[in-house]
Amino acid sequence: MAEHREGAGQAGQLSEHGHPAKEIHQLDRVVIRFAGDSGDGMQLTGDRFTSETAQLGNDISTLPNFPAEIRAPAGTLPGVSSFQVAFADYDILTPGDAPNVLVAMNPAALKANIADLPKGGTIIVNTDEFTKRNLVKVGYDANPLEDDSLAGWDVHKVGLTSMTVGALAEHPVSKKDAERAKNMFALGLLSWLYSRPHESTMKFLEKKFAARPELVAANKAAFNAGWNFGETTEGFAVRYEVPPAKMAPGNYRNITGNTALALGLVAAGVKAQLPVLLGAYPITPASDILHELSKHKKLGVTTVQAEDEIAAIGVALGAAYGGALAITTTSGPGVALKGETISLAVALELPLVIVDVQRAGPSTGLPTKTEQADLNMALFGRHGEAPVAVVAAQSPVDCFHAAIEACRIALKYRTPVILLSDGYVANGSEPWLLPEISELPDLRVEYATGPNGDDGKFYPYLRDPETMARPWAVPGTPGLEHRIGGLEKADKTGDISYDPANHDFMVRTRAARIEAIDVPDIAVEDPSGEAKVLVLGWGSTYGPIGAASRALRQRGVNVAQAHLRHLSPLPKNLGEVLAAYDKVVIPEMNLGQLAHVIRARYLIDVVGYNQVRGLPFTSTQLETMLEEVIKNV
Amino acid sequence: MSNAVPVQLSAKDFKSDQEVRWCPGCGDYAILAAMQTFLPELGIPRERTVFVSGIGCSSRFPYYLNTYGMHSIHGRAPAIATGLSVSRPDLTVWVVTGDGDALSIGGNHLIHALRRNVNIKILLFNNKIYGLTKGQYSPTSEIGKVTKSTPTGSSDAPFNPISLALGAEASFVARTIDSDRKHLQSVLRQAAEHQGSAFVEIYQNCNIFNDGAFEVLKDPETRDAYLIRLEHGQPITFGKDDSHVVTHPAGSFGLAVGEAGKVDASEVLTHDAHAEDPAYAFALSRLAGPDLRHTPVGVFRSVRRPSYDELVRNQLDAAKAKAGEPEADLAALLNSGDTWTIL
């Protein structure tokens, strides 16, 4: 891929600081990875750089990667936290397979990340942390900055800590606070190097440290020191520009999947004209949705932090019974605990959205790492025949729209809906072209207000002929008093029924009404119309699959791509689409769960491509794999 | 609440069309009848009353009342009722549960509902046995209880439900007995009037698997010596002609029972259900022995503290006071933070 399309620089001009302005090279795409100790503020640094970059109009994609421990022992390999940001002058789909630039705040960060940096890449390293003790801690026998082990890379040795402390000598802050500002020094340097605007970071610092003005001043000074260092040092001969991408006109903001998902739920409440109630128990990587929703009481959102996962969905189900747009958010271990209540919601036929931000399992697994291995649980993980609708989000921004779609199905069809996100899209971010509220779907539904039977009586399980949904008769409605429960119900009346024929009928009806949900046909991207191989995906693999498909087509290799938003029910045209290709390939971050479903349902011998490393696929590995499959067709 | 005029209803209005399917002679019948005749007193329209239950014999209760009702899953009724109550302050929400449902599988939800002081009324039918699963010991069965699952006697120490509720910060805690309709209804009335969580333990006879568990409290021959009726503001006395009294001996954490004639009247404890310190109600809850001798019934504790519903509602109302048109507020929310425009 042509990552370094270098353009003419503008040499010879004077900068605002009076130094000879350095040569500027233009690039079309850059991938930077900030890596340091968990306490070094790398997530924040990456976040700020991303925000500056977004404001410049580049397309961006980010990948935070952090340990489950809040503070693993300082300076150790398990304590390394990193944030990768890709930005380009064109539309990008992934945070990049490999960085071009690695910022390593200590020996552990260098050691943990160097293997991912292709030879020729740039390393900016904090020399102050390369003490004998820190080197020994991560198993370096010799200082890699002093031997030739980094010979293949462009290494910039910078005393980030000492220069920050030096720059803040006149500031009334402790040595510890001065040292902690080293991430702002690094951010300033990188912002200079890639010609990023710094206003938003200044504003951010003012807000973050509003209560401590001395820290605002110190962090700003550290940022400026980093910027000026870049400008004056001879170590950096050129600086770079990545021009804005050609993006659709409109207002944008950068957004993570978890925030987008939360805002989608808020938007669904507004468009349904219903109060939103979230029942949740904190769990990585879903807690940020709870945090975000707890801010939006003004828009009618109530959040209940329950005593456990089971109570969280219980609270939500109680609110659904009372007429709210009810949500519970969790990750895989939580869904396992909620299974019995989801089953009850299936029997009660009430609207309920269960958000599963998937993480690597089984058990506690890798709580901060991504995986797609909860698909089977979402589709089948309940006792009895308990079908639900399943929707998956494919990118950070798409989490917003997927949330609205999950709410639409839940409300219209009066059913639990499982919305699958994962750690990759939840924590990753990208620019979001902000939608017009009027263009979002109208989600209004009617509560029952009176009897629905021809005989003037109320039948809680008499169905709407179009949606097969039963009436939503909320407590407080006079004349519709009725009892519901987990025991099997007689068709129409909802009375307890142990009749064998009725049970058979109700089980089939519950399955049929999920199958009858109106979901859009799946679209196929096959520009040549001559592809013989279709790559089918779901959820967060959209980015790497899309990037791999584009790369193949750029080289003249034909490949068709289709991506599933709805996993239950599957789109009506899916069988036809699959049958039109010689081979169907399904990459998944699990051991073949969608492939299993597709094989069973359509009797097609799909090719699975599976990886469970806690990290997303790289587009390069998918490109190589797909090319191999295509060659052999 | 908006309805100024209480509705005139009768017990008949609260009977559903479902056939009651408890075993003949079950104590649940008496509780159901007491509830059906009591509910009209509240003047609350049927549609604004909701019964939520879990699983167990007692949990069939909602089916037999012509109000809104949900028969949910084992142990989870307090959680479901919390969601309903907090989102619908216009409703009166009752939870019907049993000793297994509330104290075993649902113990966590019970204590957290009580600690939050959710505005729900929890009726725990305690028969000290698992009835619906046909006779295993429960978390209130005594040590040594011989049941189907403990043929050589149970090794499990029981909970004292009143002590547990008090430990969970319950603001209203009471105990009554299935067969004493007058007392039962008086406790229900006070529970219904309480703002916040009300916890009512109802001793209920399972005549199939644990018959006579509370007989000493009912039998005219024994009950006077066993039962202590608590009345707020009244000296705590019991026995034939108030032969016995409850005292608080100096230097003791607990309470004691003495003969009326041998104790100075000034030492007789006067029941104070509104005492802020729960230690008093807790001491009362420890008065009864394993043989049920000196079992207090009535309201142990009734104090006012803000309910979870109120606190949540106050925050919502404060936020909503600043709200504009919802779609405009939503647009402002989506457009907040660092935004940029591409022309």
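**View 1. Domains of chain A, with the pair formed by domain 1 and domain 4.** In chain A the domain assignment, whose bounds are automatic or taken from a database, gives domain 1 (23–241), domain 2 (253–439), domain 3 (447–517) and domain 4 (524–631). Taken over C-alpha atoms, the centres of domain 1 of chain A and domain 4 of chain A are separated by 36 Å. Four residues from domain 1 of chain A and seven residues from domain 4 of chain A take part in the contact, two residues being in contact if their C-beta atoms, placed from the backbone, lie within 7 Å. This is a predicted model, in which local features need pLDDT of at least 70 and side-chain atom pairs count only at pLDDT 80 or more, while totals for chains, interfaces and linings use all residues. Residues are numbered from 1 along each chain as its sequence is written, and chains are lettered from A and ligands numbered from 1 in the order in which they are written.

**View 2. The open sheet β8-β9-β10 of chain B.** Three strands (DSSP runs of E, at least two residues, numbered from the N terminus) form this open sheet with antiparallel pairing, where strands pair if DSSP finds at least two bridges between them. β8 (237–238) and β10 (256–259) of chain B stand at the edges with a single partner strand each, so one side of each has no neighbour in the sheet.

**View 3. Pairing of β9 with β10 in chain B.** Strand β9 (residues 244–247) of chain B is joined to β10(B) by four bridges, and the two run antiparallel. Val245(B) has Gly258(B), in β10(B), as its bridge partner.
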